[in-house]
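The report below is meant for a reader meeting this structure for the first time. Please keep the sequence and the 3D view at hand while reading.

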Amino acid sequence: MSFRFITSCYANSTICTLALWIGGAKLGISNSCCQFNTRTETISHLKDAREETMKKLLIGAIAGSTLLSPIAAMAQTEVQFWHAFTGRLGELVAAQVEEFNASQSDYVVVQSHKGNYSETLNAGIAAFRAQEQPHILMVFEVGTATMMAAEGAIRPVYEVMGESGATFDPDAYIGAVKGYYTSTDGDMLSLPFNSSTPVLWVNRNAFEAAGVDPDMDLSTWENVGAALDALKAGGEDCPLVTAWQSWIHLENFSAYHDVPFASKDNGFSGLDTELMLNGPAQIAHLTAMQEWAQDGKFIYTGRRNEGGANFRAGECALFTESSAGYAGISSEAEFDFDVRPLPYWKAVADEPQNTIIGGASLWVMAGHDAEEYKGAGEFLSFLSSSDVQASWHQNTGYLPITAEAGEATKAAGFYEANPGTDIAVMQMTANEPTANSKGLRLGSFDQIRGIIDEELEAIWSGDKSPQEAMDSAKERGDALLRRFEQANG
Amino acid sequence: MRAEIGPHQIYWGRALEKRVTFRGWLLPILLIAPQVIISAVFFFYPAGQAIWQSLFIPDPFGLSSQFVGFGNFEFLLSDKFYRKSFLTTAIFSILVTLCSMIPALFLAVIADRLIKGSGVYRTMLIWPYAVAPAVAGVLWLFMFNTRVGVVSWYLGQLGYDWNHVLNGGEAMGLVVVASAWGRISYNFLFFFAALQSVPRSVIEAAAIDGAHFWRRFFGIVLPLITPTAFFLLVVNVVYAFFETFGVIHTITAGGPQQSTTILVYKVFSDGFVGQDLGSSSAQSVILLVVVGLLTVIQFKYVEKRVHY
């Protein structure tokens, strides 16, 4: 652990030190303010340092045992892989790693969980500053621009996989999935790992209870609007909930209707991008949503996927949520449910374009030996292989990253046995992505989403008109984009 | 000491103040060294770093950094949400301090008058202090969850539509209560100890003179416990400023519309969510000045009213 990191951490907790120094010294207060800095950052890095030491001890022990037993093989090259998965997903990642390690003897991948998406990214950044970065780091899609701008900190995946000698065919990956992570020249910079896209979930029992035909056409928002009226009239308390409001109702909405979310091809072709989420199409959608919210037809539950609990408990009729919600809904829902494509406005677009993805990709970090990069390349190729992808897709509900894996899943009869699981794949691959539907590449996007969430909340509560709120979101978001441009330009 | 005072008087001054005079330099330096080193390493150096970093815009990975002078401060102060967060912080700190001190004093006064069972009562009151802020946050979050919360359900039965996810006032109320709740125990302990040390004879004398309970409380007891109250005031303000982070993070994450974003929370979200270390450092420096001023004010003006 380098001293440099300690200082940057202290710099932020300085203020607490001062408070104690002035306020505490005289009174003899012992206090532990700013624990969050130390707790979430320093400690996790102390842990890294500890793991590092353990690793060295282990290597020492292996070296020792090699001396003792002449038949032992040469030490394998170690590849560190930091990810953000726990629970069932964590187990599946661990299984993938084990399978890779067992499949060959040159490399050993060591996987470690580093907290949630934001924490994992922070751990990677702090580790890079301390020159102890892993070889492979999982970064969520909103961190993409941050990673891409850090040219000295990463190695593009196409380069690493190309040099490793492993099979690498960039055309094998599904365009809409890899598009999010490729440069404007078409080079794949990071490997898509878990990708999902929003779909519409339908509680058939709730429709029937309200006297509405559950098989009605819900492909357009116009029809959904009529369904919401009927559901409300039929006594349904919670006709519609959503998860990830900015991702679904603005980011994906824009791509799906082929309107820009931000200038410069949604940020793909330059850091001098500006938000364009206050256009007429977005405002029309938010105006309808606001009316539904005021009439109690759209129930707002929170910024993340809080609404999932309500939908799975059978309290709500319609739910816009990621396709990766499949595992949770299918295991918990005690009602008949349907998966439908995300609705679109017939008045805005004749045909829907494609939706964009959410999730995370794997980045290879700079500053390691050639041999280790070879191992990293091998591992990424293994992850892209059809079998691994097909089983990942079927187990998690995440999209397959290669067309081959999708076909293998189809051939195995999975879609027939689990109806609706192919909706997301079809929705993503229906059309060749346009400049508006390739994805988003915006700096400070995590914070911009926070701003959008705030402004959307002002719309739902009726504090602001959709136009006022989105104008304000643009103004505030653009200020952050300019700062990002300044820091990375 | 003024310059015109002669050596004779200095001698007297020293004798009266009972100062120790050292012959050499080495021992006094050695004696103060630990304090100086600790202050330098844990305060002056990081404070200097924060001030230095606040003049730059670095990229997250530390690959490059640009000197912007006071650019970070200009950026912050031109942001109306940042300016509003000063007001939010002030409201939040005042409410947390009042909500944790007044009930604590009230409970302490009652506990002080108990003859039987005061031990049990005290123990029960101290328990909430053992709950970590983040856990307390989750606890309150569940009780007030807009769809499944117990309290919000009862409020709904009474015809009140609780929704702290959209209503800024309710969100502020909830984080204040959740932050103050555990703190009441801590304040209770101090107030209780202070009340026990108020001489019985003074109170009895007042009682004989015909002063009723509240008259005795405001006329005698309260002035006598002001040192404790002042201590708690300082500690609680520092608490409200810095340690309520966990509660806010779990319950509202600063929302809705930044109505619960206090200064410290913004330092965190800009620095560790937004990776904007320049702005984060500048905010630390501003916060440093604010808390410095606040503490000076407290000691200069409020302490004058304290009778030790």
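The C-alpha centres of domain 1 of chain B and domain 2 of chain B lie 36 Å apart. Domain 1 covers 7-53 and domain 2 covers 73-305 of chain B, with bounds that come from an automatic or database domain assignment. Four residues from domain 1 of chain B and six residues from domain 2 of chain B take part in the contact, where two residues are in contact if their C-beta atoms, placed from the backbone, lie within 7 Å. On the side of domain 1 of chain B that touches domain 2 of chain B there are three nonpolar, one polar and no charged residues; Ala, Val, Leu, Ile, Met, Phe, Trp, Tyr, Cys and Pro count as nonpolar, Asp, Glu, Lys and Arg as charged, and the others, Gly among them, as polar.

This is a predicted model, in which local features need pLDDT of at least 70 and side-chain atom pairs count only at pLDDT 80 or more, while totals for chains, interfaces and linings use all residues. Residues are numbered from 1 along each chain as its sequence is written, and chains are lettered from A and ligands numbered from 1 in the order in which they are written.

Chain A has 21 helices and 10 strands, these being DSSP runs numbered from the N terminus (helices H or I, at least four residues; strands E, at least two). Of its 489 residues, 52% count as buried, that is, with 20 or more other C-beta atoms within 10 Å of their own.

Two packed helices are described by the angle between their axes and the distance between the axes. The axes are lines fitted to C-alpha atoms, for helices over the stretch in contact, and angles run from 0 to 180 degrees between N-to-C directions.

| Helix pair | Angle | Axis distance |
|---|---|---|
| Helix 8 (residues 168-196) and helix 11 (residues 226-242) of chain B | about 160 degrees | 10 Å |
| Helix 12 (residues 280-294) and helix 21 (residues 466-488) of chain A | about 125 degrees | 9 Å |

Helix 12 of chain A is therefore oblique to helix 21 of chain A, whereas helix 8 of chain B and helix 11 of chain B are roughly antiparallel to each other; angles under 35 degrees count as roughly parallel, over 145 as roughly antiparallel, 65 to 115 as roughly perpendicular and the rest as oblique. In the chain B pair, the residues of helix 8 that meet helix 11 include S179(B), R183(B) and F190(B), and the residues of this contact divide into six nonpolar, four polar and one charged.

How values were computed: Buried ≥ 20, exposed ≤ 12 C-beta atoms within 10 Å, placed from the backbone.
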